[in-house]
Amino acid sequence: MDDANAVDVAGVPSSALDLIDLSSADNRRSVSLLRQACLDSGFFYVINHGVSQDLMEEVFVQSRRFFGLPLSEKMKLLRNGKHRGYNPLFDQVLHPANQINDCIFPGA
């Protein structure tokens, strides 16, 4: 992707993100690129994934609907033993020994 076609995602141009193209027949390479993107920054841009625009828009509609609910309603779906469900804001605490102090975003 060239910079002329970059799209800003949360203030970060997508050209700065790892680009994962799922149309490749080389699944091992795609998985390797995805793994590396997750290890390096945790952010990536996926193209040719086959998910329809209509479905993606509906997911965002439902997400806004859920997160717009009162906390008491969201808490009814609190995370279970398999870590599925709602996590209240600031509920997760990462183990300090596993954290990297480098910041990938200038000025952050």
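Start by selecting His83, in the segment after helix 3 (71–74); helices here are DSSP runs of H or I with at least four residues, numbered from the N terminus. This is a predicted model, where local features need pLDDT of at least 70, side-chain atom pairs count only at pLDDT 80 or more, and totals for chains, interfaces and linings use all residues. Residues are numbered from 1 along each chain as its sequence is written, and side-chain values use heavy atoms, with hydrogens and water left out.

The phi of His83 is near 65 degrees, positive although the residue is not glycine. His83 is exposed at 62% relative accessibility (buried is under 20% relative accessible area, exposed over 50%, partly exposed in between, with a 1.4 Å probe and protein chains only).

Next, select Phe90, also in the segment after helix 3. Its phi is positive too, near 70 degrees, in a residue other than glycine. Phe90 counts as exposed, at 76% relative accessibility.

Move to helix 1, residues 27–40. Its 14 residues reach 20 Å from first C-alpha to last, close to the 20 Å expected at 1.5 Å a residue; the expected span is 1.5 Å times one less than the number of residues. After helix 1 comes Gly42, with a positive phi near 85 degrees.

Last, select Val51, Leu55 and Val59, a nonpolar surface patch with about 240 Å² of accessible area together. Areas come from the Shrake-Rupley method with a 1.4 Å probe, and for residues only the protein chains shown count as cover. Leu55 sits in helix 2 (residues 53–67) and is partly exposed at 46%.

Technical notes:
Patches are made of residues with over 30% relative accessible area and no salt bridge: like charges are joined within 9 Å, nonpolar side chains (Val, Leu, Ile, Met, Phe, Trp, Tyr) within 5 Å. A salt bridge is a side-chain nitrogen of Lys or Arg within 4 Å of a carboxyl oxygen of Asp or Glu. Helices (H or I, at least four residues) and strands (E, at least two) are DSSP runs, numbered from the N terminus.
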